[in-house]
Amino acid sequence: MLLQMASEFFFLAIYISEFIIKLYADPIGFWEDGYNLLDVVIFFIVFIPHIIPKIMGIYYPYINIAQGIQSLRILKIITYSRGMRTLITSVGQIASIVASVLILFFVLMYIFAILGFCLFGVSERADLDNWGNLALAFFTLFSLATVDGWTDLQEQLDARNFLLSRVFTIIFILLASFVFLSMFVGVMIIHTENSMKKFERELTLERHTILMEEKQAILKRQQEEVSQLMQTQKNVDYSFAELVENFKKTLQHTDPMVLDDFGTSLPFIDVYLSTLDNQDATISKLQELYYEMVHVLRLMLEDLPQKEQSQSSEKDSHPPASPDAASLGVQLRPQSPQAIAWSSFTVSAS
């Protein structure tokens, strides 16, 4: 008993402290949140078993009810669970639709209650236990709508030889159980599913926001460390390799995620596109050089048969003379690559 009282006052102190802190932090916005109002209701429910004995006495006959109301304190879990709050919010959003379905269901039961009372509760063979008045007819129809013990009710009507009883029971069960209750459950499932999808999207967006904040923090820290290393390099003679090694020591296991932002940053894209342009220009120049070389070789191959024919004809018409050293020097002197290129250029220009 003493332990129970101590735990009771301990949790009561926690409730009071939380209420005061929330009210002190935002005295105006506190009353605009529905879950804070729920906390206020629970706060007063907690005090009921402690206030009533002081006012009405410990022998008050309804003191047990006041103590049983304390079980509502479990509702405070709702304020700490986002999933439960999402479900309650979805139920609140479809309250009007649910109310419309329940009103239609009540109208259906009212019509069939009057028909059942007139058919089975007025005649000489009337079933007064189930159809004796409108209230009993409502209760019986509720049992038929839930399909709970409807066979026993139908057997009682069959025992009194009511001809239309089976048609009445089958039509009401089809309308009430298979139409209206299914409609009620379907509406609840659809809206709950939509609320859960919205809740998952909010969680995904929140996680993405947190991840982006972490990335920005890591990137900012890396920029600061790089700036410090560059400043250190200005003050002390470090080589670039040593600077890179010092920078590697500052990296953490969570840093590679920043590479996504680095790969999509504007300076990186500018440098990458400039590099591609330079590569394209270099490849284009190399292709022009290769084409020129092929053209020169083709011209050389075309001129080779003509020179051979001219030399053979000259040998036939003139006997070979003794060559002197100057002519040998001229003939045996190799041509430089510049001369070959210039000759090919002149040939292609012609």
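Which residue just after α7 takes a positive phi? V147 does, at about 55°.

1. **Basis.** This is a predicted model: local features need pLDDT of at least 70, side-chain atom pairs count only at pLDDT 80 or more, and totals for chains, interfaces and linings use all residues. Numbering runs from 1 along each chain as its sequence is written, and side-chain values use heavy atoms, with hydrogens and water left out.

2. **Confidence.** The chain has a mean pLDDT of 75 (the predictor's confidence in each residue, from 0 to 100). Of its residues, 75% reach 70 or more. Helix α7 (residues 134-145) has the highest mean among the elements, 89. Helix α13 (residues 325-332) has the lowest, 40. In residues 256-261 the pLDDT is below 50, and this stretch has 10 contacts beyond near neighbours in sequence. Residues 321-350 are also below 50, with seven such contacts. Contact means heavy atoms within 4.5 Å. Helices here are DSSP runs (H or I, at least four residues), as are strands (E, at least two), numbered from the N terminus.

3. **Helix α7.** This helix has 12 residues and reaches 16 Å from its first C-alpha to its last. That is close to the 16 Å expected at 1.5 Å a residue (1.5 Å times one less than the number of residues). At its start, a side-chain oxygen of N133 comes to within 3.2 Å of the backbone nitrogen of A135. Its buried residues are A137, F138, T140, L141, S143, L144 and A145. Buried means under 20% relative accessible area, exposed over 50%, partly exposed in between (1.4 Å probe, protein chains only).

4. **Aromatic pairs.** The count comes to 10 aromatic pairs. Rings of Phe, Tyr and Trp (its six-membered ring) pair if their centres lie within 6.5 Å; planes under 30 degrees apart are stacked, over 60 edge-to-face, the rest tilted. F105 and F180 form a tilted pair, 6.4 Å centre to centre with 50° between the planes. F105 sits in helix α5 (residues 95-120) and F180 in helix α9 (residues 165-235), 75 residues apart. Both are buried. F106 and F138 are stacked because their ring centres are 5.7 Å apart and their planes lie at 20°. This pair links helix α5 to helix α7 across 32 residues of sequence. Ring pairs also join F112, F120, W131, F162, F168 and F172 into a cluster.

5. **N36.** This residue is in helix α2 (residues 34-56). N36 is buried, at 12% relative accessible area. Its side chain reaches the backbone oxygen of F30 at 3.2 Å. That is a polar contact: a pair of N or O atoms within 3.5 Å; within protein, one must be able to donate a hydrogen and the other to accept it, and residues adjacent in sequence count only if both atoms are side-chain atoms. Not counting residues up to four places away, N36 touches K22, G29 and F30.

6. **T282.** T282 lies in helix α12 (residues 266-317). It is partly exposed, at 44%. Its side chain reaches the backbone oxygen of N278 at 2.8 Å.

7. **R73.** R73 is in the loop between α3 (63-69) and α4 (82-93). It is partly exposed, at 22%. Leaving aside neighbours within four places, R73 contacts E8, Y15, I42 and V46.
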